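Work through the exercises below with the sequence and the coordinates open. Try each task before you read its solution.

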Amino acid sequence: MVQLGGEYNFFSLKDNDMASVLRKAIIGAVFMAGFVSQSYAIDYSDGLFDKTFRSPSGNIVCMGDSKDTNDSYLRSGVSCLNFNATPPSSARPKPKDCDLDWTPSLSINKTGKAKNNGECHGDIFWNPEAKILPYGKTIVGKGWQCQSQTKGIICSNSTNNGFFINKKVHKTW
């Protein structure tokens, strides 16, 4: 083996034939590809939240573990917004004093019961480029976790409270 700058070169100076060199190059490439694919995980953070994700259908967007130190509720919690054009009957209705857009939501902190909320907003405050949480996968935050299922998103906390949200149902426990 040839030593280069403290690292060992994979190729030997005795490798004369091209087949031997190519074989080692392919083995090295396969090894590095496996190493790289295992070293990187999907980063679900954005500028405002440690965890931001959306359902594969795009109907639900969730934000968890706020980076805003003034956000005492979601600093260790998650909120999921329902972007269905017709909110489910179980969603909190739009208040009369909301003159802007209304997006129904459910939220939960690391302890305590889930809340049936809604957001009165005039501008986009969520990340429309949030990464998709594939069906069957779970994301874990600070004292909470959410799983993406084909029927919707289910979130729970460390005290076994939680919520289920999809375009037709908002359920808390």
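This is a predicted model: local features need pLDDT of at least 70, side-chain atom pairs count only at pLDDT 80 or more; totals for chains, interfaces and linings use all residues.

Residues are numbered from 1 along each chain as its sequence is written, and side-chain values use heavy atoms, without hydrogens and water.

**Exercise 1. Give the strand order of the open sheet of 6 strands, and find its edges.**

Strands are DSSP runs of E, at least two residues, numbered from the N terminus. Two strands pair if DSSP finds at least two bridges between them.

1. The order is 7-6-5-4-3-8, with mixed pairing.
2. Strand 7 and strand 8 (131-132) are the edges, since each pairs on one side only.
3. Strand 3 (residues 49-54) runs parallel to strand 8, over 2 bridges. Here Phe53 stands opposite Lys131.

**Exercise 2. Describe the hairpin of strand 6 and strand 7.**

1. Strand 6 (residues 101-109) pairs with strand 7 (residues 115-121) in the antiparallel sense, over 7 bridges.
2. Asp101 has His121 as its bridge partner.
3. The hairpin has 5 residues between the strands. Gly112 takes a positive phi near 95° there.

**Exercise 3. Locate Asn160 and state whether Asn160 is buried or exposed.**

1. Asn160 lies in the loop between strand 11 and strand 12.
2. Its phi is positive, about 60°, although Asn160 is not a glycine.
3. The relative accessible area of Asn160 is 65%. Exposed means over 50%, so Asn160 is exposed.

Definitions and conventions: Helices (H or I, at least four residues) and strands (E, at least two) are DSSP runs, numbered from the N terminus. Buried means under 20% relative accessible area, exposed over 50%, partly exposed in between (1.4 Å probe, protein chains only).
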